Amino acid sequence: MNDLKIENNLLNAVVAAFKVEGKVIRERRVEVFADKNMVSGILLFAKKQLGYIHLAHMTCVDWIEQGEFQLIYTIYSPVEKITLFVNT
C-alpha cells in the first residue's frame with residue numbers, strides 16, 4: 001500500500017518554496033493553486049529542482065459566469081512517475 005510519501009514530499013516542497021495551497025489528489029497526483037504571476041516560477045522550480053521535465057498539457061477552463069479563465073498546467077516526472085497540476 002502506498003502511503004503517499006513521495007506525493008506529500010512534492011507538495012511540501014512546492015508549498016514551502018512558494019507559499020501556495022495544494023493537496024494530494026490521490027496516488028501519483030498532486031495539485032497546487034497559485035496566482036498567475038507565480039506559475040512560471042513554480043514550473044521552473046519543478047523542472048530544475050524536482051525533475052518535472054515533461055509538460056504533458058495545458059488546459060484552459062472558461063468560467064463564463066465569473067468572467068475568468070483558469071489555466072491548468074500538467075507536468076510529469078518520468079523518474080517519480082507523478083503528475084503535478086499547477087492551477088491558476
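This is a predicted model: local features need pLDDT of at least 70, side-chain atom pairs count only at pLDDT 80 or more; totals for chains, interfaces and linings use all residues.
Biologist: In what order do the elements of the chain run from the N terminus on?
Modeller: Helices (H or I, at least four residues) and strands (E, at least two) are DSSP runs, numbered from the N terminus. The chain has 2 helices and 5 strands. From the N terminus on, their order is α-β-β-α-β-β-β.

Biologist: Why is the chain described as being as compact as a globular protein of that length?
Modeller: The radius of gyration is taken over C-alpha atoms, and the globule rule is 2.2 Å times the number of residues to the power 0.38. For 88 residues that rule gives 12 Å, and the chain is close to this value, so it is as compact as a globular protein of that length, with a radius of gyration of 13 Å.

Biologist: Which residues of the largest nonpolar core touch the most other members?
Modeller: A nonpolar core is a set of buried Ala, Val, Leu, Ile, Met, Phe, Trp, Tyr and Cys residues joined through side-chain atoms within 4.5 Å. In soluble globular proteins, nonpolar side chains tend to be buried together. The largest core here has 18 residues, and those that touch the most other members are Val-14 and Leu-84.

Biologist: Which elements give two or more residues to this core?
Modeller: Both helices are on the list, α1 (5-18) and α2 (39-50). The strands that give two or more residues are β2 (29-33), β4 and β5 (82-87).

Biologist: Is Thr-74 buried or exposed?
Modeller: Thr-74 lies in strand β4 (residues 68-77). Buried means under 20% relative accessible area, exposed over 50%, and partly exposed in between (1.4 Å probe, protein chains only). Because its relative accessibility is 4%, Thr-74 counts as buried.

Biologist: Which residues of the chain does Thr-83 contact, leaving aside its neighbours within four places in sequence?
Modeller: Thr-83 lies in strand β5 and is buried, with a relative accessible area of 8%. Contact means heavy atoms within 4.5 Å. With those neighbours left aside, the contacts of Thr-83 are Arg-28, Arg-29, Val-30, Thr-74, Ile-75 and Tyr-76.

Biologist: How far apart in space are Thr-83 and Glu-7?
Modeller: Along the sequence, Thr-83 and Glu-7 are 76 residues apart. From C-alpha to C-alpha, their separation in space is 9.2 Å.

Biologist: What is the phi of Leu-4?
Modeller: Most residues other than glycine have a negative phi. Leu-4, found in the segment before α1, is not a glycine, yet its phi is positive. The value is about 65°.

Biologist: Where is Lys-81, which also has a positive phi?
Modeller: Lys-81 is a residue other than glycine with phi near 60°. At 43% relative accessibility, Lys-81 counts as partly exposed. Its place is in the loop between β4 and β5.

Notes. Residues are numbered from 1 along each chain as its sequence is written. Side-chain values use heavy atoms; hydrogens and water are left out.
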